[in-house]
Structure formats: structure tokens, C-alpha cells
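Please read these notes with the model open beside you.

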There are 2 protein chains.
Amino acid sequence: MVQSISVGLLGLGTVGSGVVKIIENHQDRLMHQVGCPVKIKKIVVKDVNKDRDVKIDASVLTTNVDDVINDPDIDVIIEVMGGVDETRSHILDALRNKKNIVTANKDLMALYGSELLTVAAQNGCDIFYEASVAGGIPILRSLVDGLASDRITKMMGIVNGTTNFILTKMNKFGSPYDEVLAEAQQLGYAEADPTADVEGLDAARKMAILATLGFSMNIDLEDVSVKGITDITEEDLQYSKQLGYTMKLVGLANRSGDRVEVSVQPTLLPESHPLSSVNDEYNAVYVYGEAVGETMFYGPGAGSLPTATAVVSDLVGVMKNMRLGINGNSFITPQYDKQLKAASEILSKYFLRIHVKDQVGAFAKITGLFTARDVSFEKILQLPLKESDLAEIVLVTHHASLQDYEQILQQLRDLDVIYEVKSSYRIEGESV
Amino acid sequence: MVQSISVGLLGLGTVGSGVVKIIENHQDRLMHQVGCPVKIKKIVVKDVNKDRDVKIDASVLTTNVDDVINDPDIDVIIEVMGGVDETRSHILDALRNKKNIVTANKDLMALYGSELLTVAAQNGCDIFYEASVAGGIPILRSLVDGLASDRITKMMGIVNGTTNFILTKMNKFGSPYDEVLAEAQQLGYAEADPTADVEGLDAARKMAILATLGFSMNIDLEDVSVKGITDITEEDLQYSKQLGYTMKLVGLANRSGDRVEVSVQPTLLPESHPLSSVNDEYNAVYVYGEAVGETMFYGPGAGSLPTATAVVSDLVGVMKNMRLGINGNSFITPQYDKQLKAASEILSKYFLRIHVKDQVGAFAKITGLFTARDVSFEKILQLPLKESDLAEIVLVTHHASLQDYEQILQQLRDLDVIYEVKSSYRIEGESV
């Protein structure tokens with residue numbers, strides 16, 4: 001019988017402080033679940049003298065990673081320091097020292113998850129990473145356990161709180177992107193350098209992790225096609241609304257037969273779609289399984305305590321496994337080889353907004369390009385542009401392949417009657 | 001190493017057929033997860049000659065329960081026959097024969113869950129029952145594992161698809177209850193005898209199960225106060241909408257300090273609340289945890305394949321535990337003794353609709369009763385009633401204790417200026 005469990009932390013930032021608070025405040029609950037006390041033995045920090053909003057005995061802090069990964073008393077290491085290369089090397093060392101790992105590091109898991117999971121299994125250790133995707137939402141467990149018997153064919157995720165906050169405000173108040181981004185930065189919802197969030201990279205990492213688990217197939221970060229939200233204008237949002245859609249930054253993972261597509265991009269969803277009402281900094285993952293049908297998991301995608309909840313729940317999982325002596329058994333090798341869809345197999349509806357010269361026959365030239373590739377329209381809006389001799393045309397297509405659509409876009413740009421292709425978005429969430 | 005796993009089914013109705021289909025169609029996926037073939041060895045049915053929409057070899061069917069619970073080759077029994085007393089006795093026998101159990105039976109688990117879990121643990125067996133609450137939504141696992149480290153203080157569930165379908169239609173089309181119920185019965189969303197659904201009993205059973213797990217406290221069915229949807233009128237729905245609320249049958253489990261309240265009743269939710277957009281036959285469970293904040297789990301609450309997904313995912317859990325030799329370890333004794341809130345501790349806002357005689361001073365008499373108990377109003381509507389000398393008054397109160405509110409209601413009914421108290425609903429989902 002395990003007498004007590006010692007935990008080491010790598011990092012004591014936002015999430016790390018939350019972990020310390022939860023372990024302290026919920027000690028009786030953890031004790032009841034695990035059957036023994038849980039103690040934080042060492043925490044690696046950059047500066048032991050820094051002021052912090054959690055009370056920690058000075059003797060617990062260290063600047064030396066080896067004090068944690070080489071301490072024979074430490075059973076579980078919680079990695080909340082972030083970073084990729086150096087962190088990977090620390091975790092590999094720790095696994096080889098038979099330490100179980102809980103991590104919140106999406107960058108690391110998206111890039112090196114497969115390697116780390118393999119090394120963990122080889123060493124009889126758990127590596128859990130629920131907190132790496134969608135903060136407080138237990139989505140990874142739900143994919144692996146709750147929907148274990150089903151065949152998942154589609155996942156759509158609002159998995160980045162910063163961009164969802166920005167799009168919600170732009171949509172609600174009609175404010176321009178730059179203004180809302182500045183507000184988000186002031187409120188702490190966006191970082192000083194927001195690139196990873198607004199360019200969709202953060203969401204792409206999470207989608208690689210989700211797709212790997214949901215499809216039981218090793219999806220690499222480079223397999224995810226990515227487009228961010230920086231080009232979205234107030235006009236795009238207005239037209240979306242008018243046409244009955246809500247614009248969201250959607251991570252999409254789609255399977256047809258054995259072939260998959262994973263992407264992140266601004267996407268129009270029907271207003272009635274469950275993801276459309278996910279607002280502000282909240283996250284949600286919509287999952288479609290062949291047997292279960294539509295499910296959705298909603299909650300806070302970031303923040304100190306929500307993310308720490310996921311970390312400490314993983315810690316409980318590791319500790320229950322320790323009590324039963326079964327660490328290192330939760331990893332299941334992906335069942336399928338990766339097969340990515342070709343552009344000709346990716347089907348979707350599209351929203352397209354263009355500025356056109358006011359010439360006889362312009363509209364026919366434009367629609368002709370679509371007709372030539374058998375793509376028809378669901379909705380068409382044409383309006384004169386104020387103080388200009390241009391017209392604005394908004395088209396909503398029926399389903400087209402990505403290949404056809406991109407070729408049409410290319411031809412449109414070359415067309416003499418086109419002044420500018422203003423914007424183009426995928427439409428998802430309707431049945432094919 | 002386990003060579004193959006034999007499963008016995010009690011029952012082959014809607015859910016049972018779904019289970020057979022999923023086990024057959026996903027054999028390679030199950031094999032990959034569990035590491036050995038999964039075989040359905042025996043199925044207990046009432047009539048072996050009945051026509052069914054799943055193909056089953058006649059030799060697999062039996063009418064004798066003993067053929068399953070006494071078969072030494074059978075490792076796991078899936079109970080999808082329903083019923084309480086006889087089923088309980090079968091499951092107790094099976095557990096004593098060291099069979100692991102997966103059940104979708106909410107009536108059984110709400111009434112005898114505690115006994116069955118104890119006997120299972122004593123016999124080193126698992127008993128899993130994810131399918132008993134909210135069909136395809138993996139909510140029980142999320143409470144026990146995903147949110148393991150948190151202290152859950154509130155759960156609100158739309159956990160009955162029939163009533164949610166009826167309320168959605170009434171709300172959308174302004175149709176009366178009886179008409180929509182008849183439509184729901186025709187479509188198969190409501191049973192010929194809809195009592196258990198429309199009177200809230202089905203939801204109450206699920207809330208007893210959710211509250212027991214979420215609060216780690218044995219909540220019995222009789223602890224759940226229950227009110228159904230049969231008295232809801234089109235007028236109530238219209239006023240709700242006008243005031244910015246959506247009417248739902250909400251199962252509420254609330255904890256303050258160590259004391260809890262569990263109830264099922266028609267409830268007004270702010271339109272912006274995540275549960276308000278859960279429509280038609282869908283279910284959802286909103287969970288509030290001290291650390292994680294707001295989360296919500298959404299999906300199909302019933303149906304053959306969704307419910308069977310939960311059953312077979314539980315089966316996968318049992319089989320993984322068999323492989324590791326750890327069956328019988330998942331049950332955790334409730335941590336807390338049951339302490340129910342007194343009526344004086346249950347705080348809520350209320351919606352009240354009354355018909356009042358058109359007399360001088362009537363309104364002052366009515367509001368005086370509230371003021372005497374320190375209950376104030378957030379909103380007041382007064383309208384003359386057509387073709388009558390009565391006025392209709394709709395009041396939305398600020399927070400009041402259930403004790404005060406019920407005493408006010410009693411006094412209102414006795415008041416000479418009151419013609420009739422038409423309806424009264426709790427309002428939830430706003431911060432206290």
C-alpha cells in the first residue's frame with residue numbers, strides 16, 4: 001500500500017500556482033480518492049525570491065531541474081513550465097527515471113506526443129495531458145474512454161479562447177479587429193505578442209492532439225492547414241449574420257472512410273449549431289460519432305484554476321493507477337496509418353465576397369467560372385458600393401471540392417471584371 | 001493474458017439491439033483497445049421467436065436468466081432489460097458469481113445503486129452505469145475522473161429528452177401541451193403512458209444518480225423534490241420569452257457548505273445560459289465546480305445507438321480492467337454524510353403569475369405580503385385581462401428562501417383580492 005505520494009512541479013506560473021492551490025484546498029478530497037496524503041515536495045522555478053500569490057515554503061523551491069527529476073522520492077512530475085526542446089529533454093529524463101508525468105504543454109504534445117507516450121509506456125509510466133487541450137474541459141478522456149466504443153468521424157473545436165473572445169466582441173459590437181485585440185490585451189485575454197493565438201497556431205496544436213486521439217492516427221502539426229483571424233473585417237461579420245451564420249475560428253477534423261482532413265480557419269456556422277452560442281473566452285469541442293451522433297463539451301479553455309483542475313484530475317488518475325500498480329498501461333498505439341485527404345476530397349460550402357467593376361456581363365463571367373466546375377449557388381447578394389463605381393457581390397456556394405474552389409478563386413483573381421477578392425470562408429456544420 | 005471475453009446480455013430491446021450492432025460493427029476497434037476478441041455468448045429474451053432488426057444466431061437466445069448469470073464462461077453481463085425488483089435480484093446473483101456488470105438502468109441505480117456498488121466491490125467486480133444518465137453523454141465519467149480534483153457545487157441537467165422535446169415545440173410554435181404531447185407520442189419521442197417523463201420522475205432518478213456522484217454523498221430518490229411539466233401553459237412560455245427567459249425542465253443539484261438540495265421542476269433560465277439553447281430531444285448537464293467554473297456536456301439523451309455507445313464504452317472499461325486484473329476498484333465510498341438543505345436555506349428567484357380582482361388597493365395588498373418577508377421585485381408586469389374584470393400580474397422576485405416564498409404563496413391564495421394563482425416557477429442560472 002502506498003503511504004504517501006510526492007509530487008514535483010516544473011514551473012510555478014499561472015497554471016502551476018493553480019495546481020498548488022487546488023492540491024492544498026482539496027487535500028481531504030484527494031485523500032479520500034487516493035487513500036493517502038499528496039505532498040508537493042519540490043518546485044522548480046527561475047527565481048526563488050520572486051513574490052508569488054501562493055504561499056510556498058522557501059525550502060520547496062529550487063532552480064535546479066535535477067532536484068526534481070532525480071529525486072528518488074518523487075513519484076509524479078507535473079510539467080507546467082512550457083517550452084519545447086529543453087522541456088522534452090527533461091521529461092524524457094524523468095520518464096527514464098520512472099517518474100509519471102502530467103503536463104499541460106500542448107506545444108510539446110503536438111510535436112513530440114508520440115515519442116513521449118512511447119517512452120512512457122516503455123518505462124511503465126503514465127503521461128497524462130488533459131490540460132493541453134481546452135483547459136478545464138475533460139475532452140481527451142471523453143474521446144478515449146467515454147466514446148471508446150464509437151467511431152468518431154468529425155470534431156469541430158473552438159479551442160482558442162483569445163480568438164473566440166475577439167470574434168465575439170467584433171460580432172457583438174461591430175468593432176474592428178485591431179481595437180478588440182487591444183482591449184483583449186488590456187484585459188489579459190491576449191498576450192503582448194498574440195501571434196500564436198490570432199494566426200491559429202495554438203488551435204492547430206490542439207487539433208493535432210485531438211485528431212490523433214479521436215481518429216486513432218498519428219496526426220502531426222504539419223498536417224494541419226492553418227489560417228488565422230487577422231483578416232476578418234466587420235463587413236464579413238455583418239454579412240455572416242445577415243445570412244444566418246456565426247463566424248468562429250474552428251478547428252476541424254473530418255474523416256471520410258480512412259482518410260482525414262485537419263484544419264484551423266475562420267468558419268461560418270449556422271446560428272443554430274451548438275458551437276455558435278459558445279461565446280467570449282469559452283471553449284467547446286463538438287464531436288460527431290457514427291453511433292452516438294452529436295455531442296458537445298463546453299467549458300473554460302484557459303485560466304489558472306480551470307487548467308489546474310485538469311492537471312490535478314490527471315494527477316488523481318496517475319495516483320489511482322499507482323495504488324493499483326498499473327501505471328504505464330493507458331497508452332494505446334494508434335490503430336490506423338495516417339491517410340490525409342487530397343484537396344479533391346475535401347468538400348465544403350463557401351462564402352465569398354468580391355468587388356466587381358460595374359460592367360455589362362460581369363456577373364455572367366463570374367458565375368461562368370463556377371458553372372464550368374459544376375459548383376452552384378445557394379445564396380447571392382449584390383449591392384452597389386457607396387462612393388465607387390464598384391459593386392459588392394456575396395456568394396454562398398453549394399458543396400465544392402477544395403481543389404475546384406481554389407482553382408475558381410485563382411481564375412477569379414485573373415478576371416478583368418474583378419476589382420478585388422475581399423474574403424472567402426468555409427461554411428461548416430450543415431449536413432452534406 | 002485474457003484470450004477472449006464473453007459477454008451475456010439481459011434484454012434485447014431498443015438499447016440491447018444497439019449494443020449488438022456496435023459490438024459487431026466495431027469489432028476491430030474493440031479488439032485494438034482490449035487486445036482480444038469480444039463475443040456475445042448468450043442473450044436473455046422473453047420470446048426467442050420474435051422478429052428483430054438485428055441478426056442473431058438462434059442458439060445465442062434463451063429465455064432463462066440462469067443461462068447467463070450461471071454460465072462460468074461469461075465475464076461481463078450487460079443489463080438492458082429494465083425493471084427494478086427482479087432485475088436487482090438477478091444482478092446481485094450475477095455479482096456473487098463474480099460477473100462484471102454494465103447497466104443502463106436508471107430506476108435500478110437510483111433506488112439500489114449504493115447496495116449494488118457495495119456488493120460489486122465486495123466481489124471484486126465492476127458495475128458501470130454511464131448509460132443510465134443522459135444516454136450518449138459521458139457525464140458520469142466526467143464527474144468522477146475529469147473533474148476529480150474539483151469541488152462541484154452545482155449541477156443543472158436537462159436529462160429528459162421527452163419533456164425537452166415537448167417544451168421546445170411549445171415554445172417554438174406556441175402550441176398547447178396536449179397537442180405537442182400527442183405529436184411526441186406519434187413520433188416515438190413520448191411513450192403511450194408518458195407519466196414517468198412528464199411528471200419529472202425519470203429526471204429525478206437521473207438527478208439522484210448525478211448528485212450522488214457529483215457531491216460524493218448518497219442521495220436517495222426520495223430526497224429529490226419533483227414537479228413535472230403538465231401544468232405549463234402557452235401564456236407562461238410567452239411571458240418567459242418576453243422577460244428574457246427560456247423554460248426548461250431542469251434537474252437542479254445545489255450545494256452550499258455541506259448541505260445540498262436536489263430537485264426537478266420547470267425552471268426559467270436566462271436566454272444566454274448555455275442550457276437555454278439545448279433543444280428538441282437533446283440532453284445536457286451543466287456543471288459548476290469551484291475551480292473549473294462553468295462546464296457543460298451536451299448530446300443525445302436517449303435512442304438505441306447513442307445509449308448503446310455508452311454501454312459499450314463501459315464494456316470497454318470493464319475489459320481494460322480485466323486485462324489489468326483490477327476489476328472491483330472503481331467504486332469510491334461517498335465521502336460525505338447526506339445533509340439536505342432546509343426550506344429556509346434554499347434561495348431562488350421566482351416567476352409568479354396571478355389573476356387579481358380589479359379593486360383599489362389590490363396591488364398594495366399583494367406586494368405587502370412580499371415586503372413583510374423582505375422579498376423585493378426585479379420585474380413587474382400588469383395587464384388587464386380581455387373580456388373580464390380581472391387583471392393579470394406577473395412578478396419576478398429577487399432572491400427569496402423557499403420557506404418564505406411558500407408562505408407568501410399560501411397567504412396570497414387566501415387574499416380576498418386574488419382570483420387565482422395561475423403559475424409559479426423558479427428562476428435559475430443567474431448569480432446569487
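How many of the residues of helix 6 of chain A are buried?

1. Helix 6 of chain A is mostly covered, with 7 of its 8 residues buried. Buried means that 20 or more other C-beta atoms, placed from the backbone, lie within 10 Å of the residue's own; exposed means 12 or fewer, and partly exposed is in between. Helices (H or I, at least four residues) and strands (E, at least two) are DSSP runs, numbered from the N terminus. The buried residues of helix 6 of chain A include Ile139(A), Leu140(A) and Arg141(A). They pack against strand 7 (152–158), helix 10 (201–215), strand 11 (282–289) and strand 12 of chain A, together with helix 6 (139–146) and helix 12 (304–324) of chain B.

2. A word on the source. This is a predicted model, in which local features need pLDDT of at least 70 and side-chain atom pairs count only at pLDDT 80 or more, while totals for chains, interfaces and linings use all residues. Residues are numbered from 1 along each chain as its sequence is written, and chains are lettered from A and ligands numbered from 1 in the order in which they are written.

3. Chain A and chain B touch: 44 residues of chain A are in contact with 44 residues of chain B. Contact means that the C-beta atoms of two residues, placed from the backbone, lie within 7 Å. Helix 12 of chain A gives the most to the side of chain A that touches chain B, with 9 residues.

4. The domain assignment, automatic or from a database, gives chain A domain 1 (5–135 + 304–324), domain 2 (139–300) and domain 3 (343–427). In chain A, 13 residues of domain 1 are in contact with 16 residues of domain 2. Helix 5 of chain A supplies the largest share of the domain 1 side, 7 residues. The centres of these two domains, taken over C-alpha atoms, are 27 Å apart.

5. Chain A has an open sheet of 6 strands in the order 3-2-1-4-5-6, with parallel pairing. Strand 3 (61–62) and strand 6 (127–128) of chain A stand at the edges with a single partner strand each, so one side of each has no neighbour in the sheet. Two strands pair if DSSP finds at least two bridges between them; strands 4 and 5 of chain A have 4 bridges. Glu79(A) has Thr103(A), in strand 5 of chain A, as its bridge partner.

6. An α-helix has 3.6 residues a turn, so residues three or four places apart point the same way.

7. Val38(A) lies in strand 2 of chain A. Val38(A) is buried because 22 other C-beta atoms lie within 10 Å. Leaving out residues up to four places away in sequence, Val38(A) touches Ile5(A), Val7(A), Ile23(A), Leu30(A) and Met319(A).
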